[in-house]
Amino acid sequence: MINGIINVYKEQGFTSHDVVAKLRGILGQKKIGHTGTLDPNAVGVLPVCLGRGTKLCDMLTATKKQYKTTFLLGRETDTEDIWGEETAAFPVPDSEDTVKEAILSFVGEYAQIPPMYSARKVQGRKLYELAREGKTIERKPQMVKIYEISDIEIRLPEVSMTVTCSKGTYIRSLCRDIGRKLQSGACMTELVRTRSSGFRIENSHTLEEIQEAADNGRINEYIMPVERVFSGLQKGTVRRNCYKLLFNGNPLKLSAFHESGLDTGKKLRVYDEEGHFIGVYGWKKQMFFPDKIFYDQND
């Protein structure tokens, strides 16, 4: 079984679940999970976790993401993007400065109402399922954070920008809200995820490239080891006489480690003497307790 993370370039027309299904066939393993849904018409970075790396899915999903998007002012659609049915038309603002000011006003936290055509669940059902039945229901606003909006290009009625945002942000809905603040509707026409969970679009691989690498026995060149996600953490190596505690998932005293001067205020990536990455540990009750264990002696 392959363990780690692969940086997939999701192409237009594929759902995130399609990517996972394709990879299961290419790699011949079932234990695969993605780190954040991309709409079928969106493209870009989709980190996919493999084997023991699937324990990282929740952690990576919760990180910052960056998108390059383009939208049109003056119209709204039922899907909040160009691929939906037009629901309203409005005058287009004539001042580029006014448009830019409205865009930048969204930097920071704001309460965003998710789109009806989304995978968010309400009372056990996905919103897009209800939307396809012709239903529109009230959605509670969700607090999201826009860290930065840059590279703004205005060619009215078209606007392009780069957005760095928190988990759960819908870029379609951000475009919608910018349009409404300008008293002019907006619908997204393009969405490219350029960064996600530390992965960048320039280092991503298409499914075709991954298939070719697998066929030629080079797939490991595309797999990032799990431990690299935690490369910024301090390292602790467990003494051999403490292996029983280590491999049974027990907490470890400072004396269990070869390293002196470990910082108990920081997380610790733990290894055995053979160099196997075991997992990430945190300090409490005068010991390092495991947060996530990635090593399996049976593999």
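This is a predicted model: local features need pLDDT of at least 70, side-chain atom pairs count only at pLDDT 80 or more; totals for chains, interfaces and linings use all residues.
Setting aside neighbours within four places in sequence, methionine 161 is in contact with Tyr67, Lys68, Thr69, Phe71, Ile103, Ile149, Ser150, Asp151, Ile152, Leu174, Cys175 and Ile178. Contact here means heavy atoms within 4.5 Å.

Some ground rules before moving on. Residues are numbered from 1 along each chain as its sequence is written, and side-chain values use heavy atoms, with hydrogens and water left out. Local features need pLDDT of at least 70 and side-chain atom pairs count only at pLDDT 80 or more, while totals for chains, interfaces and linings use all residues.

**The cores**

Now widen the selection to Phe71, Ile103, Met161, Val163, Ile171, Leu174 and Ile178. These have the most contacts inside the largest nonpolar core, which has 26 residues. A nonpolar core is a set of buried Ala, Val, Leu, Ile, Met, Phe, Trp, Tyr and Cys residues joined through side-chain atoms within 4.5 Å. Buried means under 20% relative accessible area, exposed over 50%, and partly exposed in between, with a 1.4 Å probe and protein chains only.

Which elements give two or more residues to this core? They are strand E4 (65-73), helix H3 (96-104), strand E10 (142-155), strand E11 (158-165), helix H5 (171-181) and strand E12 (186-196). Helices (H or I, at least four residues) and strands (E, at least two) are DSSP runs, numbered from the N terminus.

Next, select Ile2, Ile32, Leu207 and Ile219. They are included in a second, separate core of 18 residues. In soluble globular proteins, nonpolar side chains tend to be buried together.

**Helix H6**

An α-helix has 3.6 residues a turn, so residues three or four places apart point the same way.

Step back to threonine 206, in the loop between strand E13 (199-200) and helix H6 (207-215). Threonine 206 counts as buried, at 18% relative accessibility. Not counting residues up to four places away in sequence, threonine 206 touches Tyr9 and Glu11.

**Annotated positions**

UniProt positions are given in the numbering used here, feature names are shortened, and annotations may be inferred rather than shown by experiment. Over residues 172-230 the chain is 32% helix and 25% strand, with the end C-alpha atoms 32 Å apart.

Then select Asp39, where UniProt places the feature "active site" (unreviewed entry). Aspartate 39 is in the loop between strand E2 (32-34) and strand E3 (43-50). Is aspartate 39 buried or partly exposed? Its relative accessible area is 28%, so aspartate 39 is partly exposed. Leaving aside neighbours within four places in sequence, aspartate 39 is in contact with Lys10, Phe14 and Arg172.

**Rings**

Select Phe230, Tyr271, Phe277 and Phe294, which ring pairs link into a cluster. Rings of Phe, Tyr and Trp (its six-membered ring) pair if their centres lie within 6.5 Å; planes under 30 degrees apart count as stacked, over 60 as edge-to-face and the rest as tilted. Tyrosine 271 and phenylalanine 277 form a tilted pair, 5.5 Å centre to centre with 55° between the planes. The rings of phenylalanine 277 and phenylalanine 294 are stacked, because their centres are 5.7 Å apart and their planes at 20°. This pair links distant parts of the chain: phenylalanine 277 is in strand E17 (residues 277-284) and phenylalanine 294 in the segment after strand E18 (287-293), 17 residues apart.

Finish with lysine 64. Its charged end sits over the ring of tyrosine 147, 4.3 Å from the centre. For such a case, NZ of Lys or CZ of Arg is within 6 Å of the ring centre and within 35 degrees of the ring normal.
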